[in-house]
Amino acid sequence: MITVYKTPTCGCCHEWIAHLRQHGFEVVANDVPDTSPYRSRFGVPKELGSCHTGVIDGYALEGHVPAADIRRLLAERPKARGLAVPGMPVGSPGMEVDGTRRDAFDVVLFADDGRRSVWQRYPAKT
């Protein structure tokens, strides 16, 4: 079960939730007027922010994190606060434009002590 906090009018948030459901996750979506308090509550650094915040099994999920990376997170259970895809990169789950184009983006693993590392790299695709 992934709990998601998003604004009611954000279309890409709906698309990310659809991506999660297509990959077998149960999702509870909460419409909120501002997602920044949830980023703070779940320990997401401001510079890793995006348009929605999710929580699963004690981990924060910020932005358009692919379902495969969430599954890996849950399988490996690293000592970390969560995963983030900063910004809104084209081609990340929920940000598909034409189905083929993808900007390069990283999924970042972040910890409470400020440590960060690249969890997964996604190269650009045209």
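**View 1. The open sheet of seven strands.** In this predicted model, 7 strands form an open sheet with mixed pairing, in the order β2-β1-β3-β4-β5-β6-β7. β2 (27–31) and β7 stand at the edges with a single partner strand each, so one side of each has no neighbour in the sheet. On average, neighbouring strands of this sheet are turned by 20° against each other, direction ignored. Strands here are DSSP runs of E with at least two residues, and helices are runs of H or I with at least four, numbered from the N terminus; two strands pair if DSSP finds at least two bridges between them. Residues are numbered from 1 along each chain as its sequence is written. Because the model is predicted, local features need pLDDT of at least 70 and side-chain atom pairs count only at pLDDT 80 or more, while totals for chains, interfaces and linings use all residues; side-chain values use heavy atoms, with hydrogens and water left out.

**View 2. Strand β6 and its two partners.** Have a look at β6 (residues 105–110), where 5 of 6 residues are buried (under 20% relative accessible area; exposed is over 50%, partly exposed in between; 1.4 Å probe, protein chains only). Strand β5 (residues 82–85) runs antiparallel to β6 and is joined to it by 3 bridges, with L83 opposite L109. Towards β7 (residues 116–122), also antiparallel, there are 6 bridges, and F105 stands opposite Y122. β6 and β7 form a hairpin with 5 residues between them, and G114 in the turn has a positive phi of about 95°.

**View 3. T53 and its surroundings.** T53 sits in strand β3 (residues 53–56) and is buried, at 0% relative accessibility. Its side chain makes a polar contact of 2.5 Å with that of E62 (N or O atoms within 3.5 Å, one able to donate a hydrogen and the other to accept it within protein; residues adjacent in sequence count only if both atoms are side-chain atoms). Beyond four places in sequence, the residues in contact with T53 include Y5, Y38, F42 and L61 (heavy atoms within 4.5 Å). β3 also pairs with β1 (residues 2–6), antiparallel over 3 bridges, and V55 is the bridge partner of T3.

View 4. For C10, the nearest cysteine sulfur, that of C13, is 3.1 Å away; C10 is buried at 14% relative accessibility. The sulfur of C51 lies 3.5 Å from that of C12, its closest, which is too far for a bond. C51 is buried too, at 12%.

Conventions
Disulfide = S-S within 2.5 Å. Axes fitted to C-alpha atoms, helices over the stretch in contact; angles between N-to-C directions.
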